[in-house]
Amino acid sequence: MSYDPYGSDVLSPGWKDAGRKVVPDVAAVRDLVVEEASTGFCGAITRIEVQTVELEDYFGKKRVFPLGGSYLIDGEPVNLVLPKKAPEGGRARTASGSFAVADQKARVARASRIFVEGRHDAELVERVWGDDLRVEGVVVEYLEGVDDLDAIVREFAPDRRRRIGVLVDHLVPGSKESRIADKVAKGPFGQHVLVVGHPFIDIWQAVRPERVGLTAWPSIPRSIEWKHGICEALGMPHDTQADVARAWKRILGTVRSFADLEPALLGRVEQLIDFVTEP
């Protein structure tokens, strides 16, 4: 066997690309946060055209850029492309991983409801499970905290055909939330109500930290309002409620499917959907 000290033919096809990093294609979808590399403008995608995308930054400023390869996500270069249509004969999937139902109109709303603790919780559930919920006819409403949950349940008066599912933040043993959930479960409508929760201090933590450039969500001292502390850790403005809202919009924009969320949330939401839709 002969030995070639120079390896294969350096002029063979593809020699120019040897060792070059491949820049991945990423579908340009609404709310995806990207940075336009040549200008440094960072924002969420608010509109997609055939050849351009519109970005809106934290302060509401909008700019239009061409689709292509001059973008960064989490500091890594990407090539923004138009979202692909489902292949002929194939089945598209929703953000939750379910098979999409083609040409399905939203079902008339069921009497059953899912309540979530906070507007951000509702927006995250809509982003990942919205298509599924519309097919099932399930309405999601948000609570301003769970202190009045027992009264809300009594007013709703659920029954076998009109159930309530509730998603609670920081539902851990010994917490105020767990005591409220126990009271509801032992009340007159307990068998028709399912209260589940996740262990996170806030729904923001249900987003995988690597999606926002962290290895783990930081621990915030009790003396600092949690969301303000997170914004500061991420280098985002946090002086006003509008600043916090923009920070959440940026975090939400990194969520494209169930794969961007922690399993501790995924299982609980699926459990609630099953509960309020079972015959």
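In what order do the strands of the open four-stranded sheet with parallel pairing stand? The order is S9-S8-S10-S11. This is a predicted model, in which local features need pLDDT of at least 70 and side-chain atom pairs count only at pLDDT 80 or more, while totals for chains, interfaces and linings use all residues. Residues are numbered from 1 along each chain as its sequence is written, and side-chain values use heavy atoms, with hydrogens and water left out.

**The chain as a whole**

- The protein chain has six helices and 11 strands; helices (H or I, at least four residues) and strands (E, at least two) are DSSP runs, numbered from the N terminus.
- Of the 279 residues in the protein chain, 42% are buried, where buried means under 20% relative accessible area with a 1.4 Å probe, protein chains only.
- Among contacts in the protein chain with a separation of 6 or more, 65% come from residues 24 or more positions apart; contact means heavy atoms within 4.5 Å.

- Strand S10 (residues 164-168) runs parallel to S11, and five bridges join them; here Gly 165 stands opposite Leu 194 in S11.
- Helix H2 packs on this sheet, touching strand S8 (113-117), S9, S10 and S11, and the direction of H2 makes about 165 degrees with that of S10.
- Helix H6 (residues 263-277) also packs on the sheet, touching S8, S10 and S11, and its direction makes about 165 degrees with that of S10.

**The seven-stranded mixed sheet**

- Here is the other sheet to trace: an open one of seven strands with mixed pairing, in the order S1-S7-S6-S2-S3-S4-S5.
- Its edge strands are S1 (25-27) and S5 (62-66), each of which pairs on one side only.
- The twist in this sheet averages 50 degrees from one strand to the next.
- Two bridges pair strand S2 (residues 33-36) with strand S6 (residues 68-73) in the antiparallel sense; Glu 35 stands opposite Leu 72, and Glu 36 is opposite Tyr 71.
- S6 also pairs in the antiparallel sense with strand S7 (residues 76-81), over four bridges, and Ile 73 stands opposite Glu 76 in S7.
- The hairpin of S6 and S7 has two residues between the strands, and Asp 74 takes a positive phi near 55 degrees there.

**Helix pairs**

- Helix H1 (residues 119-136) packs with helix H5 (residues 241-253) at an angle of about 20 degrees, their axes 11 Å apart.
- That makes H1 roughly parallel to H5, a term for angles under 35 degrees.
- The contact involves His 120, Glu 123, Leu 124 and Arg 127 of H1 together with Trp 248, Leu 252 and Gly 253 of H5.
- Helix H2 (residues 149-156) and helix H3 (residues 176-186) pack at about 25 degrees, with axes 9 Å apart, and are therefore roughly parallel to each other.
- Leu 149, Asp 150 and Val 153 of H2 meet Ile 180, Lys 183 and Val 184 of H3 in this contact.

Notes:
Two strands pair if DSSP finds at least two bridges between them. Axes are lines fitted to C-alpha atoms, for helices over the stretch in contact, and angles run from 0 to 180 degrees between N-to-C directions. Angles under 35 degrees count as roughly parallel, over 145 as roughly antiparallel, 65 to 115 as roughly perpendicular and the rest as oblique. Buried means under 20% relative accessible area, exposed over 50%, partly exposed in between (1.4 Å probe, protein chains only).
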